[in-house]
Amino acid sequence: MESTIIRSKNFNAYFGENHVVKNVNIEIPKNHVIAVMGPSGCGKTTYLRCINRMHELIPGATCNGEMVLNDEDVYSMHPIFVRLKIGMVFQRPNPFPNLSIYDNVIAGYKLNGIKLPKGERDKVVEQSLSRAALWKEVKDSLHKKGTFLSGGQQQRLCIARAIAMEPEVLLLDEPTSALDPISTSSVEDLLHELKTNYTLIIVTHNMQQAARVSDRTAFFYMGELVEYDDTKKMFTNPRDNRTQNYITGRFS
Amino acid sequence: MTQLETELGFLKNEVINMWNLVRSQLIKARTSLMSYDKDLAREVILKERRVNGYELKIDRDCENIFALLTPVAIDLRFVLAVLKINSNLERIGDIAEGIAKYIISAEQPFKPELLDATKLTEMYEESINILEDTLTAFENEDTILARGVFKKDEFLDEINIAANNLIEEYLKQNPKDIDQALYVLSIIRKLERVGDQSKNISEEIIFYLEAKVLKHKHSH
Amino acid sequence: MSNLVKYRIAKSSALKIFTIFLAFVCVVPLIFILLYIIRAGITKINWHFLVNIPKPVGESGGGIANALLGSMIIIGVAALIAIPVGILGGIYLNENKKSRLAYWSRLCVDILQGVPSIVIGIVAYFWLVKPLGGFSALSGSVALAIMMLPIIIRSTEETLKLLPDSLKEAAFALGMPFHRVILKVIVPCGISGILSGVILSVARIAGETAPLLFTAFGNPYISTNITKPMQSLPLLIYNYATSPYNDWLDLAWGASLILLLWVLLLNIITKLTTRRWKVQL
């Protein structure tokens with residue numbers, strides 16, 4: 001019934017000699033929210049950045065294994081094409097400071113030199129901002145700089161910017177760790193709305209957040225994928241002892 | 001609407017559905033009692049499984065809400081209250097089933113004179129009332145109505161205490177009906193438990209809405 | 001209060017007064033120079049002064065038009081050479097922080113910054129003037145461009161270093177190719193720093209005399225041919241200030257004031273651009 005959109009098989013990632021993601025096997029179903037959690041340095045962010053090939057931008061970073069998007073190997077596609085299909089939102093809100101809110105949303109087109117007719121552009125901007133639950137707040141100040149917004153609004157602007165490109169998958173790297181609780185919950189609520197159109201993979205070190213927002217959760221520890229299961233199952237009756245210790249805060 | 005609110009809304013609906021099922025169980029048990037309808041009694045016994053199913057489902061939902069959504073303050077009290085109301089309702093379901101079992105075991109129809117003389121009819125009416133009051137109080141978040149339940153429970157207690165004497169008197173006049181009279185006494189005892197469970201439910205409703213603990217306090 | 005504490009307080013205020021005094025000492029020479037040049041030069045400057053070339057010895061009047069135009073051309077050409085090279089070099093250094101080439105080129109840039117201007121003049125003389133067979137404005141421009149380079153490269157690099165990596169990542173994550181990330185995101189965001197580096201470097205070379213002595217050489221007439229010798233403000237000041245004629249001395253004073261105003265103006269523009277173009281991160 002549910003089709004797999006991303007599949008990794010025996011996937012490994014390295015920083016130079018350092019083996020940070022070890023033999024990860026995972027299947028991510030379409031239109032779900034997947035949370036990836038684990039203690040700092042467990043390889044969760046690295047794994048996420050491997051999915052859209054952002055990992056390889058770091059000097060000395062390498063990876064191997066199978067990473068498949070819709071039956072096509074991500075690592076045999078052109079990285080630019082991969083990143084158009086798999087959008088990303090980062091830890092700190094990072095709207096382009098030199099662009100207006102409007103231009104930030106269509107930055108993916110504008111800065112890539114893709115010309116859209118004005119009507120089309122307006123539509124993309126409105127639709128993306130509405131999906132990011134930001135339209136109502138900014139529709140009267142579209143031509144102000146994006147950096148005038150509050151942290152939570154900026155993060156939602158970044159989400160709008162990513163979904164304006166109509167990606168299939170949206171990666172979120174600790175998207176709320178720099179936000180206050182109110183902004184955090186507005187972003188979390190948004191994730192629920194977004195999964196009707198996109199597949200979301202969210203890295204978080206906050207396990208309550210993983211519990212709240214996701215359908216499935218993957219637990220990484222020391223570069224290994226320890227457990228990957230329904231979030232309900234994971235938080236009520238985890239299979240692995242390490243998972244249990246982590247979510248109950250008994251980690252030593 | 002946050003996800004927690006949505007989930008709590010679902011949970012509330014689920015509890016109300018269970019409540020209605022339990023109420024209809026109790027009413028059907030009464031109908032089968034009055035009309036000596038063993039088929040209806042069997043239906044009540046069969047449907048008890050559904051009550052149990054609700055109980056398990058609500059337990060699991062509460063567990064998931066605790067594990068995934070970490071409710072706090074009024075939300076936390078709500079889930080805690082639901083957890084306890086859930087088991088109270090399940091017991092009322094058991095009571096309805098118990099009454100239905102008596103009807104199946106009874107060898108002849110219950111005499112209306114017996115039911116009236118022991119005030120069972122009146123008591124049954126009142127215990128269904130009391131259950132409906134708690135449901136309305138829960139649905140409308142009405143603590144005044146919930147507090148009214150305590151008074152009605154006292155009325156049930158009085159009938160229960162008086163029941164021994166009433167049965168004794170009835171048996172003096174109709175010694176042959178001893179079998180039936182014992183069933184009636186058991187049913188009265190069970191209905192008294194319905195009152196107690198409803199009282200507990202009311203306490204939980206007040207706890208969740210007002211954060212006041214009324215349990216084990218003698219004056220309300 | 002114990003004596004020890006009183007002693008400490010006294011020591012502290014003594015140091016404070018001393019630093020204020022030193023700060024004042026730094027400013028005093030500048031104020032004197034400014035006042036002196038303004039007093040000597042202000043009376044010489046008028047429209048006639050700006051649009052005429054120097055008169056021969058013995059004739060009074062005359063202006064510095066040739067030097068003004070020459071300076072502009074020489075600096076303009078120097079900027080044309082140095083700005084693209086400098087900015088691209090700065091971008092390279094910022095993008096490849098750890099590479100071996102970046103390490104060495106950074107070192108070279110630092111050394112270049114310390115090379116005396118006269119040495120650069122001589123080098124330009126041997127590289128360009130001699131092979132080309134004569135003094136030319138172009139060789140002067142090259143010498144000045146070499147002096148501008150380290151300033152532009154370092155200021156570009158420092159500006160870009162301050163931009164958060166997340167900005168670049170955001171651009172890459174939108175599927176932008178490297179050259180677009182640099183041109184459309186990194187450079188626009190750092191534009192104020194880069195511009196102020198460029199303007200400062202222009203201000204810095206505007207007054208350079210030594211490299212021009214062997215290259216642009218000087219020319220008493222207006223010339224716009226960059227392959228021929230050309231006059232420039234510092235050269236004019238140098239030549240005329242050392243002459244024995246009063247008219248020429250006056251000319252040198254006037255030219256000094258013009259040069260001073262020019263540099264001052266560039267510095268003010270720098271401050272304004274930094275404020276105007278500053279991208280709020």
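Colleague: What makes helix 7 of chain A count as largely enclosed by the rest of the structure?

Modeller: Twelve of its 13 residues are buried, so helix 7 of chain A is largely enclosed by the rest of the structure. Bear in mind that this is a predicted model. A residue is called buried when 20 or more other C-beta atoms lie within 10 Å of its own.

Colleague: Which residues of helix 7 of chain A are buried?

Modeller: They run from A:Gly152 through A:Gln153, A:Gln154, A:Gln155, A:Arg156 and A:Leu157.

Colleague: How do you know that the span of helix 7 of chain A agrees with its 13 residues?

Modeller: You take 1.5 Å times one less than the number of residues. For helix 7 of chain A, residues 151-163, that should give 18 Å, and the end C-alpha atoms are 18 Å apart, so the two agree.

Colleague: What is the mean pLDDT of chain A?

Modeller: The mean is 89, and 99% of the residues of chain A reach 70 or more. Among the elements of chain A, strand 3 (residues 33-37) has the highest mean pLDDT, 94, while helix 8 (residues 181-194) has the lowest, 85.

Colleague: On to chain B, then. Why is B:Leu135 counted as buried?

Modeller: B:Leu135 has 20 C-beta neighbours inside 10 Å. The cut-off is 20 or more, so B:Leu135 counts as buried.

Colleague: Where does B:Leu135 lie, and which residues does B:Leu135 touch?

Modeller: B:Leu135 lies in helix 5 (residues 120-140) of chain B. Leaving out residues up to four places away in sequence, B:Leu135 touches B:Trp19 and B:Arg23. As for B:Pro109, that residue is 26 residues from B:Leu135 in sequence and 32 Å away in space, C-alpha to C-alpha.

Colleague: How many helices and strands does chain B have?

Modeller: Seven helices and zero strands. Take the contacts in chain B with a separation of 6 or more: 80% of them are between residues 24 or more positions apart.

Colleague: What does a compact globule of 281 residues look like next to chain C, in radius of gyration?

Modeller: The globule would have a radius of gyration near 19 Å, but chain C has 23 Å. The C-alpha trace of chain C spans about 65 × 65 × 35 Å along its principal axes. Chain C has twelve helices and zero strands, and buried residues make up 40% of its 281 residues.

Colleague: Which domains does the domain assignment of chain C give?

Modeller: It gives domain 1 (3-41) and domain 2 (49-277). Their centres, taken over C-alpha atoms, are 33 Å apart. Four residues of domain 1 of chain C are in contact with five of domain 2 of chain C. The domain 1 side of that contact has three nonpolar residues, one polar and no charged.

Colleague: Which residues of helix 11 of chain C are buried, and what covers them?

Modeller: In helix 11 (residues 233-241) of chain C they are C:Leu233, C:Pro234, C:Leu235, C:Leu236, C:Ile237 and C:Tyr240. The cover includes helix 3 (65-95), helix 10 (210-213) and helix 12 (246-277) of chain C.

Colleague: Of the two pairs of chains in contact, which share the most contacts?

Modeller: Chains A and C. There, 20 residues of chain C are in contact with 22 residues of chain A. Helix 7 (165-173) and helix 8 (178-189) of chain C each supply at least two residues of the chain C side, and helix 7 of chain C gives the largest share, seven residues. That side divides into 13 nonpolar, three polar and four charged.

Colleague: How many residues of chain A are in contact with chain B?

Modeller: Ten residues of chain A, and they meet eight of chain B. Helix 10 of chain A gives the largest share of the chain A side, four residues. The chain A side divides into two nonpolar, five polar and three charged.

Colleague: How far apart are the closest C-alpha atoms of chain B and chain C?

Modeller: They lie 29 Å apart, and no contact joins chain B and chain C.

Definitions and conventions:
Residues numbered from 1 in each chain as written. Chains lettered and ligands numbered in written order. Predicted model: local features only at pLDDT ≥ 70, side-chain atom pairs only at ≥ 80, totals over all residues. Contact = placed C-beta atoms within 7 Å. pLDDT = per-residue confidence, 0-100. Nonpolar A, V, L, I, M, F, W, Y, C, P; charged D, E, K, R; others polar. Domains from an automatic or database assignment. Rg over C-alpha atoms; globule rule 2.2 N^0.38 Å.
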